[in-house]
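Dear colleague,

I am passing on the structure below, and after it I set out what was found. Please read the notes with the model open beside you.

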Amino acid sequence: MLSYESPELVKLFTTYTAGPTSIGSHLTATAAEHDADAPLVVATGADFALYPGSGKPPTVEGFRFSTRGFKELAGISHLGPAVATLVQLRAKYADSGWRAETERLLYEVERGRQANSAALWRDTIAVEAYRGREQAIADMAEYTFARTAHYLRAGLEDENTFNASTLQSDYLDHGKEEKHGTINQMMIATFFLTGLDISHRILRWFHEQEIDWERAMVVIAGKQGRPTAGVTWNTSSVATMILGASGYRLPPERLYMAPHAPTFATPQHGDLSEVIALEEPLRRIWSNTRATVELGGLMFPGLPRYAPGRLAVPDVGDPSVTEISEMPVIHGHDDWRSMTTRLRMVLEDPRQLLSGCVTDYAVSQLVAAGNDPAEVTVPGLDGVVYPTVQ
């Protein structure tokens with residue numbers, strides 16, 4: 001049976017709610033025109049764009065996959081979960097393919113080990129934010145390759161040693177008792193270094209734009225990392241960078257997460273045509289959201305208002321804390337319980353970006369240091385010794 005629709009009531013619905021000629025659309029258009037000269041900051045999964053307003057051309061800065069050293073560091077930092085994946089394939093799923101995959105990873109680890117050197121990081125990858133730390137990064141990478149190869153070979157020789165217990169004692173936490181660097185610390189260091197580099201460049205770029213942050217319109221558009229991640233500002237490392245770049249002057253209520261908003265591809269050869277074409281629809285998305293938000297105070301002035309703010313963060317320094325729902329606070333560069341707990345959380349909490357494990361901490365340290373990477377302590381790298389493994 002076909003459902004019946006009253007034409008009169010449907011028309012009432014569309015008069016306000018739907019269509020380009022609706023009253024709601026009129027409000028959106030009016031709000032967008034009112035803010036046409038305000039700066040609009042848009043972040044996609046790989047780039048930032050600044051639309052200065054009043055028809056001025058946008059500028060774009062890449063921050064993720066175009067970053068020098070990003071994939072190289074990610075390849076090293078992901079060895080932890082890669083090895084854990086192999087253990088899971090064998091121990092939990094009894095998947096016969098675990099051995100071939102282990103041999104494949106071992107081969108690539110050895111190739112990476114041969115390519116690794118301080119000169120590679122200093123002269124070829126040459127990331128500004130890593131300047132002066134190239135030898136330490138190479139030493140950390142060498143230890144990681146050697147320790148990974150040792151563990152993989154042991155598992156291939158005797159698969160019964162390839163289990164959850166040895167993953168902890170012989171791989172991830174190996175060396176903890178001897179007080180030298182571990183694979184867990186390496187993962188923190190590499191995630192921090194990635195956040196340090198990206199944040200350093202983005203903070204500098206935003207500073208050069210001289211944005212009026214109190215009036216800025218900010219939209220984080222499209223997918224950020226894995227499909228379920230980064231959809232709220234407190235789980236988005238991109239939001240963290242923008243807030244830090246503003247010197248924490250950007251009112252949080254002016255930053256909107258829009259996972260379904262249209263995005264532009266990274267511009268090629270200076271062609272900004274796609275970026276320019278999206279300015280109007282992105283401004284309308286921000287203005288539509290803002291205009292609806294402002295109806296709340298008009299309609300319900302006597303009731304408590306919504307005020308976005310940072311959620312209370314758990315403190316896992318208390319050993320009685322066994323479950324958390326938000327990222328724990330980090331008390332300093334040697335707060336390993338908190339930072340390692342974050343490693344677990346970014347794996348278990350689908351809202352989180354894996355690479356955003358300690359980005360907020362890197363951003364806050366950079367802001368405090370006047371955006372000078374040399375004045376920031378990199379946890380798991382600075383002052384940490386990674387021994388030679390035969």
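**Salt bridges**

Glu279 and Arg283 are both buried, where buried means under 20% relative accessible area, exposed over 50% and partly exposed in between, with a 1.4 Å probe and protein chains only. This is a predicted model, in which local features need pLDDT of at least 70 and side-chain atom pairs count only at pLDDT 80 or more, while totals for chains, interfaces and linings use all residues. Residues are numbered from 1 along each chain as its sequence is written, and side-chain values use heavy atoms, with hydrogens and water left out.

Glu279 and Arg283 form a salt bridge whose closest N and O atoms are 2.9 Å apart, a salt bridge being a side-chain nitrogen of Lys or Arg within 4 Å of a carboxyl oxygen of Asp or Glu. Both residues lie in helix H12 (residues 279–299), 4 residues apart, about one turn of the helix; helices (H or I, at least four residues) and strands (E, at least two) are DSSP runs numbered from the N terminus.

Glu110 and Arg153 also form a salt bridge, with the closest N and O atoms 2.4 Å apart. This pair links distant parts of the chain, since Glu110 is in helix H5 (residues 98–115) and Arg153 in helix H7, 43 residues apart. Glu110 counts as buried at 18% relative accessibility, whereas Arg153 is partly exposed at 37%. A network of salt bridges links Glu61, Asp197 and Arg201, and the search of the whole structure finds 19 salt bridges.

**Gln224**

Gln224 sits in the loop between strand E4 (217–221) and helix H10 (237–245), and it is buried, with a relative accessible area of 2%. A polar atom of the Gln224 side chain lies 3.2 Å from the backbone oxygen of Thr44, and the side chain of Gln224 also reaches the backbone oxygen of Ala221 at 3.4 Å.

**The cavity**

The structure holds 1 cavity of 30 Å³ or more; on a 1 Å grid over the protein atoms alone, a cavity is a set of points where a 1.4 Å probe fits but cannot get out, and lining residues have an atom within 4 Å of a point. The largest cavity contains about 70 Å³ of space, a volume being the space filled by probe spheres set on the points, which are joined across faces, edges and corners. Among the residues that line the largest cavity are Arg64, Thr194 and Met241, and helix H9 gives the most to this lining, with 4 residues.

Best regards

Conventions. A polar contact is a pair of N or O atoms within 3.5 Å; within protein, one must be able to donate a hydrogen and the other to accept it, and residues adjacent in sequence count only if both atoms are side-chain atoms. On a 1 Å grid over the protein atoms alone, a cavity is a set of points where a 1.4 Å probe fits but cannot get out, and a pocket is an open set with protein on both sides within 12 Å along at least five of seven lines; lining residues have an atom within 4 Å of a point.
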